[in-house]
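The sequence and structure follow.

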Amino acid sequence: MISKYKYTIVLLIFAAFFIFGSMEVMDYILRIRETQLLTESGRVEMESPVRTWESWENDKEGMVSEDIASEGNVLKIEQIEDAIKCWNERNSSILHEPVAGQVSMEEAIKAGEMWLIEMGIGEEKDAAAYTINAELGVGVQTGEAGEQLEAYHSFWTVKYSSQSISAVLYLNAVTGKVWGAEIVLYEEQPEKTPDDRLRLFVELAGLQVSDDDSVVIDSGETRTEIAIKESQLYAQERSYSMAIGLENSYKRTTYQLLIKQD
Amino acid sequence: MRLFHKIFLCFVVIFSITFQVAGYLLINHTYGNAISQEKKLAIQNFQYNRYILQSILYSDPEFFFKEETEVENISNSFSVPVAVYGIDGKYFFSNLATQPGELDFVEVDDNRISFRIYEKDGRNYIFVCDYIRQGENAMYLITQTDISSVIDTQKNMIDYFQKIYIVILCISFPMIFLLTNLITTPIKKVRKATRRIAGGRYTERISIKGKDEISELAYDFNQMAGQIEEKIAELSDAARQKEDFAANFAHELKTPMTSVIGYADMLYQRNLPREEVKSAAGYILKEGMRLESLSLKLMDLFVLDKQEFILEKMSVREMFENLEQGIEPVCRKHGAILHMEIEDGIIRVDYDLFKTMVLNLADNALKADCRDVWVEGKQDGNIYQIRIKDNGKGIPPEELERITEAFYMVDKSRSRKQHGAGIGMALVSKIVEVHGAKMEIESDGKTGTQIYLNFVAGGEENDK
């Protein structure tokens, strides 16, 4: 009986040996690989997601405001549209260090402070009282490959917070201009009309307002829109007030540059 | 080791290797990707916290020279545990869970960054360290990103994979067994059939299903078995013919020898009158001549098998004109009439053999007590047909197949009376074969016999 099935028994033993042996071998190889992966160290090059900025040759055609040109790098209107589109449609952002042609953190923070003063939101004496946080990032869409973008796609996100104000400003890293802002005011500030505020925002962004009238829509929150000259862009201001308890209230205002939808 | 074992083992080996290699590649790829993603995340964490630190230093360049308790308050500002050291290695701040061991502290403001993956107490971390400069301040920042959950997930995946491997193996083991059995069953059938044939059951065949290689093998096997069966039948037949031949030959020798011995003994023992001596000597002479005739015919029969004959183109009509002179008197002697109607034609023959063949056939017809013998010849396309017909007793249809066997006689007693030995038709059959012709015999056993001899007309080579 045993001799009749001896090959079958040997075969089963061999098969079992092979099955469990192959498991052990794979486990062993994976352990070696795991050790390699989990003891890795060294220095890696951090590839910047943006290229260094080489400003376009003295081609002034398409430049929006000549008087602003002296203050920093100037972009063509197409480049501005491209940068706005990329930033507004971002799903996440990749932080990176400034590359050549981009403003530094100090410059961005100072430009933001200046913007707040010029917009009449803060005063120069407040600057030291702010808690500041700044980071430089480039917007990326989901599934986008790691291809390097132009330097003007990067934005400084600078946060200022104090007793009376909380502001998040988005400054283009090449121009150093504020192209978006989220302001929360806890104290009353000298009021301007929404139209005036928006025109000032556009001017400070280094752009020119179209001759068309601004559109004001008031439906619980005030939304004002104004077209940008010779471009697909328009600026938008949205603001609303909210009460916290009986005595406290705050006003939230956002400024954005947007692309017209065809 | 049986084929079943080999196939089974092959299946198991291939299955195991494929599964494990595929699993290894998959897990290794996933593992590598996961670690790579975690490294990117750790670097992003570092980048984020570097900006936080720089912002703090921008706002307050003397921040790390404040009271320790005040410095400790910044731990909430960072998104991950961090450590801050001065260029000289002076400790400023740390909320790291563990120390990363040795890290590359490089005082170079370039775009390269140091990292280290480190395991402690079963937890895995990625430490990232770089030189940071903000205004007058320069220091090192170390961030710690916990990747234990990712590593645990990967380890769980390996365990899960091995469990799946065992489960699939448990499911597939019986399937492999059945599949192997399915493959080897037809081979077992062929083996059994082979053994039965080897045991003498030549009619054994394998039932064929499908069109795969094993079905083809079974088909070929059946063909081979058919051929063997046919050959065995032929050999049995030949052996029987030889036995019959030997028995008949002995019998044909014994009959005349008995007479010869009897008469010779009588002459030796007694003093007989002259007339009786003459009569006895006559019997001895007649039986001796019969034996001589038998031996000559047998010699012809054997010679026909061995010798090569040169066939010549000859006119059929001319041959039969000569043969008629020999056949016609014999017919007359037996009271039969010869009817000859021959179309002219050319065939390749050895004349002496041809003559022997026709005379034997005519002799057989006369021995069948016929009244008429018809000899006809005509050409039909490339065939020249000679028909020899008689109206004698005929041959029973069941005997037709055997009449070309040597010593076979339809009516033995009558044949012996007519001094026949059953060699004639065997001789005719051999001569027909030598000429490459075909012979057909028709008879109903009552109204005579017709024999057709088909030659290639025009003297062409017979084998064409």
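Two strands are taken to pair if DSSP finds at least two bridges between them. Helices (H or I, at least four residues) and strands (E, at least two) are DSSP runs, numbered from the N terminus.

## Basis of the model

The model is predicted: local features need pLDDT of at least 70 and side-chain atom pairs count only at pLDDT 80 or more, while totals for chains, interfaces and linings use all residues. Residues are numbered from 1 along each chain as its sequence is written, and chains are lettered from A and ligands numbered from 1 in the order in which they are written.

## Hairpins of chain A

Strand β5(A), residues 165-172, is joined to β6(A), residues 178-185, by 7 bridges, and the two run antiparallel. One bridge places L169(A) against A181(A) in β6(A). The two strands form a hairpin with 5 residues between them, and G176(A) in the turn has a positive phi of about 75 degrees.

β5(A) also pairs in the antiparallel sense with β4(A), residues 154-161, again over 7 bridges. Of the 8 residues in β5(A), 6 are buried (20 or more other C-beta atoms, placed from the backbone, within 10 Å of their own).

## Contact between the chains

In total, 34 residues of chain A are in contact with 41 residues of chain B, contact meaning C-beta atoms, placed from the backbone, within 7 Å. On the chain A side, α1 (6-38), β1 (41-45), α4 (105-118) and β3 (131-140) each supply at least two residues. α1(A) gives the most, with 15 residues.

β1(A) pairs with β3(B), residues 112-120, in the antiparallel sense over 5 bridges. G42(A) stands opposite F115(B), and V44(A) opposite I113(B).

This pairing belongs to an open, antiparallel sheet of 6 strands in the order β1(A)-β3(B)-β4(B)-β5(B)-β1(B)-β2(B). β1(A) and β2(B), residues 91-94, stand at the edges with a single partner strand each, so one side of each is left without a neighbour in the sheet.

## Helix packing in chain B

The axes (lines fitted to C-alpha atoms over the stretch in contact) of α1(B), residues 3-59, and α3(B), residues 148-198, come within 9 Å and cross at roughly 160 degrees, on a scale from 0 to 180 degrees between N-to-C directions. The two helices are therefore roughly antiparallel, a term for angles over 145 degrees.

Technical notes: Two residues are in contact if their C-beta atoms, placed from the backbone, lie within 7 Å. Angles under 35 degrees count as roughly parallel, over 145 as roughly antiparallel, 65 to 115 as roughly perpendicular and the rest as oblique. A residue is buried if 20 or more other C-beta atoms lie within 10 Å of its own, exposed if 12 or fewer, and partly exposed in between; C-beta atoms are placed from the backbone.
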